[in-house]
Amino acid sequence: MSTNAPVLFIHGLWLHARSWDTWIEHFTNAGYDASAPGWPGDPDTVEEARSRPEDIADHGIDDVVAHYAAIIATLPTKPILVGHSFGGMIAQRLLGEDRAAAAVAIDAAQIKGVLPLPLSALKATLPVFKNPSNKHRAVSLTAEQFRFAFGNAIPEEESDALFEQWAIPAPGKPLFEAASANFNPHSPAKVDTANAGRGPLLLVSGGKDHTVPEAVTRATLKQYRHSDAVTDILDFPDRAHSLTIDHGWRDVADASLAWLKQQGL
(Lines give C-alpha, C1' and ligand atoms only; values in the text may rest on other atoms or scores of the structure.)
Protein backbone atom coordinates (compact mmCIF):
# COMPACT_ATOMS: atom_id res chain seq x y z
CA MET A 1 0.00 0.00 0.00
CA SER A 2 1.33 3.45 -0.94
CA THR A 3 2.47 5.75 1.85
CA ASN A 4 2.06 8.83 -0.33
CA ALA A 5 -0.68 11.29 0.60
CA PRO A 6 -3.88 10.45 -1.31
CA VAL A 7 -5.43 13.05 -3.60
CA LEU A 8 -8.94 12.68 -4.99
CA PHE A 9 -9.95 14.79 -7.98
CA ILE A 10 -13.69 15.50 -8.24
CA HIS A 11 -15.12 16.65 -11.56
CA GLY A 12 -18.07 18.94 -12.02
CA LEU A 13 -21.00 18.95 -14.42
CA TRP A 14 -20.46 18.21 -18.12
CA LEU A 15 -16.90 16.89 -17.80
CA HIS A 16 -15.84 13.26 -17.54
CA ALA A 17 -13.54 12.16 -14.71
CA ARG A 18 -10.84 11.32 -17.29
CA SER A 19 -10.49 15.06 -17.88
CA TRP A 20 -8.26 14.96 -14.77
CA ASP A 21 -5.74 12.59 -16.41
CA THR A 22 -3.02 15.23 -16.82
CA TRP A 23 -3.49 16.38 -13.23
CA ILE A 24 -3.23 12.81 -11.95
CA GLU A 25 0.08 12.34 -13.73
CA HIS A 26 1.35 15.73 -12.54
CA PHE A 27 0.41 15.12 -8.90
CA THR A 28 1.75 11.56 -9.03
CA ASN A 29 5.08 12.90 -10.25
CA ALA A 30 4.99 15.35 -7.33
CA GLY A 31 4.74 12.44 -4.88
CA TYR A 32 1.01 12.07 -4.28
CA ASP A 33 -1.22 9.01 -4.68
CA ALA A 34 -3.68 10.62 -7.11
CA SER A 35 -6.93 9.34 -8.60
CA ALA A 36 -10.18 10.67 -10.04
CA PRO A 37 -13.17 8.45 -9.31
CA GLY A 38 -16.27 9.54 -11.19
CA TRP A 39 -19.67 10.54 -9.86
CA PRO A 40 -22.25 7.82 -9.13
CA GLY A 41 -23.44 6.40 -12.44
CA ASP A 42 -20.42 7.66 -14.41
CA PRO A 43 -19.17 5.03 -16.86
CA ASP A 44 -15.49 4.55 -17.63
CA THR A 45 -15.42 6.43 -20.92
CA VAL A 46 -16.81 9.59 -22.50
CA GLU A 47 -18.40 7.53 -25.26
CA GLU A 48 -20.31 5.35 -22.79
CA ALA A 49 -21.49 8.41 -20.86
CA ARG A 50 -22.87 9.97 -24.03
CA SER A 51 -24.63 6.77 -25.07
CA ARG A 52 -26.18 6.08 -21.64
CA PRO A 53 -27.22 9.44 -20.12
CA GLU A 54 -29.89 7.71 -18.03
CA ASP A 55 -27.12 6.19 -15.87
CA ILE A 56 -26.00 9.68 -14.85
CA ALA A 57 -29.44 11.23 -14.41
CA ASP A 58 -31.15 12.12 -11.12
CA HIS A 59 -28.08 12.03 -8.86
CA GLY A 60 -28.20 14.95 -6.44
CA ILE A 61 -25.62 16.65 -4.24
CA ASP A 62 -26.19 14.33 -1.27
CA ASP A 63 -25.78 11.29 -3.53
CA VAL A 64 -22.44 12.57 -4.79
CA VAL A 65 -21.21 13.48 -1.29
CA ALA A 66 -22.15 10.03 0.02
CA HIS A 67 -20.43 8.41 -2.96
CA TYR A 68 -17.12 10.16 -2.30
CA ALA A 69 -17.45 9.72 1.48
CA ALA A 70 -17.64 5.96 0.90
CA ILE A 71 -14.51 6.10 -1.25
CA ILE A 72 -12.70 8.16 1.39
CA ALA A 73 -13.64 5.60 4.04
CA THR A 74 -11.53 3.02 2.19
CA LEU A 75 -8.37 5.15 2.26
CA PRO A 76 -5.64 4.79 4.89
CA THR A 77 -5.61 8.54 5.63
CA LYS A 78 -7.78 11.56 4.92
CA PRO A 79 -7.23 12.66 1.33
CA ILE A 80 -6.55 16.03 -0.21
CA LEU A 81 -9.53 16.92 -2.40
CA VAL A 82 -9.26 18.90 -5.63
CA GLY A 83 -12.66 19.74 -7.10
CA HIS A 84 -13.79 21.76 -10.09
CA SER A 85 -17.18 23.48 -10.39
CA PHE A 86 -19.74 21.28 -8.59
CA GLY A 87 -16.78 19.12 -7.63
CA GLY A 88 -15.50 22.15 -5.75
CA MET A 89 -18.76 22.37 -3.82
CA ILE A 90 -18.57 18.64 -3.03
CA ALA A 91 -14.98 19.08 -1.83
CA GLN A 92 -16.05 21.90 0.49
CA ARG A 93 -18.84 19.82 1.99
CA LEU A 94 -16.52 16.90 2.64
CA LEU A 95 -13.86 19.20 4.12
CA GLY A 96 -16.45 20.81 6.39
CA GLU A 97 -17.44 17.33 7.55
CA ASP A 98 -13.78 16.62 8.48
CA ARG A 99 -13.44 13.91 5.84
CA ALA A 100 -10.44 15.53 4.11
CA ALA A 101 -7.00 16.83 5.04
CA ALA A 102 -7.40 19.85 2.75
CA ALA A 103 -9.30 20.98 -0.31
CA VAL A 104 -8.69 22.99 -3.45
CA ALA A 105 -12.02 24.24 -4.87
CA ILE A 106 -11.59 25.53 -8.43
CA ASP A 107 -14.37 27.74 -9.79
CA ALA A 108 -16.62 26.02 -7.27
CA ALA A 109 -20.40 26.07 -7.65
CA GLN A 110 -22.11 28.35 -5.17
CA ILE A 111 -22.84 27.00 -1.73
CA LYS A 112 -25.81 27.94 0.46
CA GLY A 113 -25.50 31.53 1.64
CA VAL A 114 -23.85 32.86 -1.51
CA LEU A 115 -26.17 35.46 -2.99
CA PRO A 116 -24.66 36.82 -6.24
CA LEU A 117 -26.28 35.32 -9.33
CA PRO A 118 -24.65 36.97 -12.37
CA LEU A 119 -26.47 36.92 -15.69
CA SER A 120 -23.69 34.93 -17.34
CA ALA A 121 -24.19 32.13 -14.81
CA LEU A 122 -27.90 32.05 -15.61
CA LYS A 123 -27.16 31.84 -19.34
CA ALA A 124 -24.57 29.09 -18.83
CA THR A 125 -27.06 26.92 -16.96
CA LEU A 126 -30.12 27.76 -19.09
CA PRO A 127 -29.92 24.45 -20.99
CA VAL A 128 -30.94 22.79 -17.71
CA PHE A 129 -33.32 25.36 -16.24
CA LYS A 130 -35.35 25.92 -19.41
CA ASN A 131 -37.25 22.70 -18.67
CA PRO A 132 -38.30 21.85 -15.08
CA SER A 133 -38.37 18.14 -15.93
CA ASN A 134 -34.61 18.32 -16.44
CA LYS A 135 -34.29 17.99 -12.68
CA HIS A 136 -34.62 14.24 -13.19
CA ARG A 137 -32.74 14.02 -16.48
CA ALA A 138 -29.18 14.23 -17.73
CA VAL A 139 -28.69 17.21 -20.03
CA SER A 140 -26.07 17.61 -22.75
CA LEU A 141 -24.54 20.86 -24.01
CA THR A 142 -23.96 21.76 -27.64
CA ALA A 143 -20.48 22.83 -28.70
CA GLU A 144 -21.70 26.44 -28.79
CA GLN A 145 -23.15 26.20 -25.27
CA PHE A 146 -19.90 24.62 -24.07
CA ARG A 147 -17.91 27.54 -25.52
CA PHE A 148 -19.99 30.02 -23.55
CA ALA A 149 -19.98 28.03 -20.30
CA PHE A 150 -16.39 26.74 -20.43
CA GLY A 151 -14.30 27.93 -23.36
CA ASN A 152 -14.96 31.65 -23.69
CA ALA A 153 -11.36 32.63 -22.83
CA ILE A 154 -9.64 30.26 -25.26
CA PRO A 155 -9.68 29.96 -29.06
CA GLU A 156 -12.88 28.53 -30.50
CA GLU A 157 -10.98 25.64 -32.06
CA GLU A 158 -9.53 24.63 -28.69
CA SER A 159 -12.94 24.87 -26.99
CA ASP A 160 -14.51 22.68 -29.67
CA ALA A 161 -11.71 20.12 -29.32
CA LEU A 162 -12.14 19.98 -25.55
CA PHE A 163 -15.89 19.56 -26.03
CA GLU A 164 -15.32 16.58 -28.31
CA GLN A 165 -12.77 15.07 -25.94
CA TRP A 166 -14.38 15.50 -22.51
CA ALA A 167 -17.99 16.74 -22.58
CA ILE A 168 -20.66 14.37 -21.25
CA PRO A 169 -24.31 14.73 -20.16
CA ALA A 170 -24.79 16.08 -16.65
CA PRO A 171 -27.56 15.48 -14.11
CA GLY A 172 -29.82 18.50 -13.74
CA LYS A 173 -30.69 17.78 -10.10
CA PRO A 174 -27.60 19.43 -8.49
CA LEU A 175 -28.29 22.69 -10.33
CA PHE A 176 -31.91 22.78 -9.18
CA GLU A 177 -30.76 22.03 -5.62
CA ALA A 178 -28.17 24.82 -5.68
CA ALA A 179 -30.67 27.28 -7.16
CA SER A 180 -33.09 26.76 -4.24
CA ALA A 181 -30.41 26.51 -1.55
CA ASN A 182 -31.07 29.88 0.07
CA PHE A 183 -34.75 29.04 0.46
CA ASN A 184 -34.19 25.59 1.94
CA PRO A 185 -32.91 25.34 5.53
CA HIS A 186 -31.85 21.74 4.89
CA SER A 187 -30.29 22.33 1.49
CA PRO A 188 -27.68 19.78 0.38
CA ALA A 189 -25.64 22.79 -0.81
CA LYS A 190 -25.10 23.83 2.81
CA VAL A 191 -21.45 23.66 3.90
CA ASP A 192 -20.13 23.85 7.46
CA THR A 193 -18.18 27.04 6.84
CA ALA A 194 -17.79 27.76 10.57
CA ASN A 195 -15.77 24.60 11.28
CA ALA A 196 -12.56 25.94 12.84
CA GLY A 197 -10.97 22.50 13.10
CA ARG A 198 -11.14 21.53 9.43
CA GLY A 199 -8.17 21.36 7.10
CA PRO A 200 -7.05 24.26 4.91
CA LEU A 201 -9.07 25.39 1.90
CA LEU A 202 -7.95 27.13 -1.28
CA LEU A 203 -10.59 28.78 -3.46
CA VAL A 204 -9.48 29.30 -7.07
CA SER A 205 -11.26 31.79 -9.31
CA GLY A 206 -11.18 32.43 -13.04
CA GLY A 207 -11.70 36.11 -13.79
CA LYS A 208 -13.42 35.44 -17.12
CA ASP A 209 -15.55 32.52 -15.93
CA HIS A 210 -19.14 32.75 -17.17
CA THR A 211 -20.43 29.76 -15.21
CA VAL A 212 -18.93 30.62 -11.80
CA PRO A 213 -17.96 34.29 -12.03
CA GLU A 214 -15.35 35.73 -9.68
CA ALA A 215 -18.10 37.47 -7.67
CA VAL A 216 -19.44 34.05 -6.66
CA THR A 217 -16.03 32.86 -5.44
CA ARG A 218 -15.48 36.10 -3.51
CA ALA A 219 -18.89 35.71 -1.88
CA THR A 220 -18.00 32.11 -1.02
CA LEU A 221 -14.85 33.31 0.73
CA LYS A 222 -16.96 35.60 2.92
CA GLN A 223 -19.02 32.62 4.08
CA TYR A 224 -15.88 31.35 5.87
CA ARG A 225 -15.31 34.54 7.88
CA HIS A 226 -16.41 32.88 11.14
CA SER A 227 -13.80 30.12 10.92
CA ASP A 228 -10.19 30.43 12.03
CA ALA A 229 -9.14 27.59 9.72
CA VAL A 230 -6.94 28.50 6.75
CA THR A 231 -9.05 29.79 3.86
CA ASP A 232 -7.16 31.31 0.94
CA ILE A 233 -8.16 32.57 -2.48
CA LEU A 234 -6.22 32.63 -5.73
CA ASP A 235 -7.32 34.47 -8.83
CA PHE A 236 -6.47 33.74 -12.46
CA PRO A 237 -7.81 36.94 -14.07
CA ASP A 238 -7.59 35.78 -17.68
CA ARG A 239 -9.05 32.30 -17.23
CA ALA A 240 -12.54 30.85 -17.67
CA HIS A 241 -14.32 27.66 -16.60
CA SER A 242 -12.08 25.50 -18.80
CA LEU A 243 -9.01 26.34 -16.68
CA THR A 244 -8.55 22.74 -15.51
CA ILE A 245 -8.53 21.24 -19.01
CA ASP A 246 -7.30 23.87 -21.47
CA HIS A 247 -3.74 24.71 -22.54
CA GLY A 248 -3.07 26.57 -19.28
CA TRP A 249 -4.07 23.78 -16.87
CA ARG A 250 -0.49 23.32 -15.64
CA ASP A 251 -0.41 26.87 -14.22
CA VAL A 252 -3.42 26.08 -12.04
CA ALA A 253 -2.04 22.68 -11.07
CA ASP A 254 1.36 24.11 -10.14
CA ALA A 255 -0.26 26.85 -8.06
CA SER A 256 -2.32 24.21 -6.26
CA LEU A 257 0.79 22.13 -5.57
CA ALA A 258 2.67 25.17 -4.29
CA TRP A 259 -0.18 26.02 -1.93
CA LEU A 260 -0.33 22.45 -0.62
CA LYS A 261 3.42 22.61 0.05
CA GLN A 262 2.87 25.83 2.01
CA GLN A 263 0.35 23.96 4.14
CA GLY A 264 2.89 21.20 4.82
CA LEU A 265 0.86 18.66 2.81
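1. Which helices each supply at least two residues of the lining of the largest pocket? They are α5 (119–129) and α8 (173–179), helices being DSSP runs of H or I with at least four residues and strands runs of E with at least two, numbered from the N terminus. The largest share, four residues, comes from α5.

2. This is a predicted model, in which local features need pLDDT of at least 70 and side-chain atom pairs count only at pLDDT 80 or more, while totals for chains, interfaces and linings use all residues. Residues are numbered from 1 along each chain as its sequence is written, and side-chain values use heavy atoms, with hydrogens and water left out.

3. The largest pocket holds about 410 Å³ of space. A pocket is an open set of points on a 1 Å grid over the protein atoms alone, with protein on both sides within 12 Å along at least five of seven lines; a cavity is a set where a 1.4 Å probe fits but cannot get out, and lining residues have an atom within 4 Å of a point. Of the 24 lining residues of the pocket, Gln110, Leu117, Leu175, Ala178 and Ala179 lie nearest its centre. The lining has 18 nonpolar residues, six polar and no charged.

4. Leu117 sits in the loop between β4 (102–106) and α5. Together with Leu119 and Leu122, Leu117 forms a nonpolar surface patch with about 320 Å² of accessible area. Such patches take residues with over 30% relative accessible area and no salt bridge, nonpolar side chains being joined within 5 Å.

Methods:
Grid points are joined across faces, edges and corners, and a volume is the space filled by probe spheres set on the points. Ala, Val, Leu, Ile, Met, Phe, Trp, Tyr, Cys and Pro count as nonpolar, Asp, Glu, Lys and Arg as charged, and the others, Gly among them, as polar. Patches are made of residues with over 30% relative accessible area and no salt bridge: like charges are joined within 9 Å, nonpolar side chains (Val, Leu, Ile, Met, Phe, Trp, Tyr) within 5 Å. Accessible areas come from the Shrake-Rupley method with a 1.4 Å probe; for residues, only the protein chains shown count as cover. A salt bridge is a side-chain nitrogen of Lys or Arg within 4 Å of a carboxyl oxygen of Asp or Glu.
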